[in-house]
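Subject: Structure handover and findings

Dear colleague,

Please find below the structure that I am handing over to you. My notes on it follow directly after.

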Amino acid sequence: MEENALEDIIKATQSLNDLVMNTEPDLDEIVEDNNDEINLEVNYPYIIFYRSDLVRAMNLCNKIVQPKSNTTTYNSISLVPVPFDKCIWFYATNELSHFRYRAELLGDMKETWDFPISIPLTILQKLVKLMGNKVLLYKKEENLYIRLLDGDLLLDLRQADMTILTFPGDVSDKDKIAELKINTIGSVVNNILPLLQAEIRGEAKRISFTGDKAYYNSSFYYIETSIKTPRMTLSLRDADFINKLFKYYKNDEIQIFSVKSNLSRLFLKINNIEYEFINSINSISDIITQQMNNIVKEPEVMVSYDRLYRTVTLATTLPYSTGDVILKYNKDKLQTSIISNRGNSDFSFTTELLTENKLYDKEVLVRAETLRRLLTSFNEADKLSIALADLGITLEYKNIKAIMMHTNI
């Protein structure tokens, strides 16, 4: 697709792709370790690589691949061997995001083929548990075979379309605009991602980075945290990818490059991984800023995170609960009442007072599931600062501040 044409439909396509992403089954992360050996002897052109590299690439890009696409390159992981460099690249793309992972190529490079192939992700997911600790693929006449623990399986030989897989635009070392610790940006994404995943509206499935902070804004929530980054916006899919990097490479650094392209793109590089995505820069409007300033309050009390989370979660699971909870200060405690068709159940949590001002003296009614989702963004907290107000609840932990709009009684 031409860059200019893609620019015209980018928002609609992104929303559609996010919808597809949410309707696909959530695939379990595959375990990398495997000590099973296979026979690597073969008399045909082949490629050999470590299973652990394939599994790592699959885990990182399984939300980028589109299993239901009719286009082979989009529903597959593509394998591109480079014998002269003794490496193989695993590629994946959905047209908006491009991913590649560099791994070691094993065997005799003189017997190794150099053409790219695509294997559907759904096929690989079914086969990966039957593989040894190394993966052998070989080409016999016009057929492709993969060696498994108990025999060789015939696969469709599908040529990868490199015109689709090639990263758009140009990038050089002089285009580097930032280096960030993965654990810095990853922790931010990890906190906000549960809210993105539960969001219905496509236009709200994004995290915006303004340069000195990151924020997420939706119909129910506003959450922000201080962080120094380039100005950028992560879609749900891009945020999911960053979150996976956080799991694997949290002690490493990620390099960010600008891309010479008709569309605004950013190129990320960490170790043997490269990722490029469209960067639709958003700026927080003055109206939203004013609205949040009107709602936000300085913390009033501090409570145990675990106790509050357990009680709110209980309200979402009880069969006779209405799904609502009431929050109210009661002297030196925060009272949480689970509303049910049989009456209310009251729980009280000891608080630490954080203000000299008079505490908010009204009851606040909230949907338990809405509050539970927000609380997941603070799952690293032992204690949580809270302020109640007419229009919303303010939650704080370290440099994370969140506001949840509510229905007042």
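This is a predicted model, in which local features need pLDDT of at least 70 and side-chain atom pairs count only at pLDDT 80 or more, while totals for chains, interfaces and linings use all residues. Residues are numbered from 1 along each chain as its sequence is written, and side-chain values use heavy atoms, with hydrogens and water left out.

Overall composition

The secondary structure of the protein amounts to nine helices and 26 strands; helices (H or I, at least four residues) and strands (E, at least two) are DSSP runs, numbered from the N terminus. Of the 409 residues in the protein, 54% are buried. Here, buried means under 20% relative accessible area, exposed means over 50%, and partly exposed lies in between, with a 1.4 Å probe and protein chains only. The accessible surface of the protein is about 19500 Å², and carbon and sulfur atoms account for 46% of that surface; areas come from the Shrake-Rupley method with a 1.4 Å probe, and for residues only the protein chains shown count as cover. Among contacts between residues at least 6 apart in sequence, 67% join residues at least 24 apart, a contact being heavy atoms within 4.5 Å.

The structure holds zero disulfides, where a disulfide is a pair of cysteine sulfur atoms within 2.5 Å.

Helix α6 covers residues 236-249, that is, 14 residues, and reaches 20 Å from its first C-alpha to its last, close to the 20 Å expected at 1.5 Å a residue. The expected span is 1.5 Å times one less than the number of residues in the helix. Twelve of the 14 residues of α6 are buried, which leaves the helix mostly covered; among them are Leu236, Phe241, Ile242, Leu245, Phe246 and Tyr249, as well as the charged residues Arg237, Asp238, Asp240 and Lys244.

Helix α2 (residues 51-61) packs against α6 at an angle of about 140°, with the two axes 8 Å apart. Axes are lines fitted to C-alpha atoms, for helices over the stretch in contact, and angles run from 0 to 180 degrees between N-to-C directions. The residues that meet are Arg56, Asn59 and Leu60 in α2 and Phe241, Lys244, Leu245, Tyr248 and Tyr249 in α6. By class, this contact has five nonpolar, one polar and two charged residues; Ala, Val, Leu, Ile, Met, Phe, Trp, Tyr, Cys and Pro count as nonpolar, Asp, Glu, Lys and Arg as charged, and the others, Gly among them, as polar.

Ten of the eleven residues of α2 are buried, so α2 is largely enclosed by the rest of the structure. The buried residues of α2 include Arg51, Asp53, Leu54, Met58 and Cys61.

Two lysines with positive phi

Lys331 has a positive phi of about 60° although it is not a glycine. Lys331 lies in the loop between β18 (321-330) and β19 (333-340), and is exposed, with a relative accessible area of 75%. Lys398, also a residue other than glycine, has a positive phi near 55°. Its place is the loop between β24 (392-397) and β25 (400-405), where Lys398 is exposed at a relative accessible area of 70%.

Ser340, in strand β19, counts as buried at 12% relative accessibility. Beyond residues up to four places away in sequence, Ser340 touches Tyr320, Ser321 and Thr322.

Strand β20 (residues 343-350) contains Gly343, which is partly exposed at 30% relative accessibility. Phe347 is also placed in strand β20 and counts as partly exposed, at 30%. Leaving aside neighbours within four places in sequence, Phe347 is in contact with Thr311, Leu314, Leu334, Gln335, Thr336 and Ile338. Phe347 and Ser337 are ten residues apart in sequence and 6.1 Å apart in space, C-alpha to C-alpha.

Leu391 is found in the loop between β23 (383-388) and β24, and is exposed at 52% relative accessibility. Leu391 and Val296 are 95 residues apart in sequence, and their C-alpha atoms are 8.8 Å apart in space.

With kind regards
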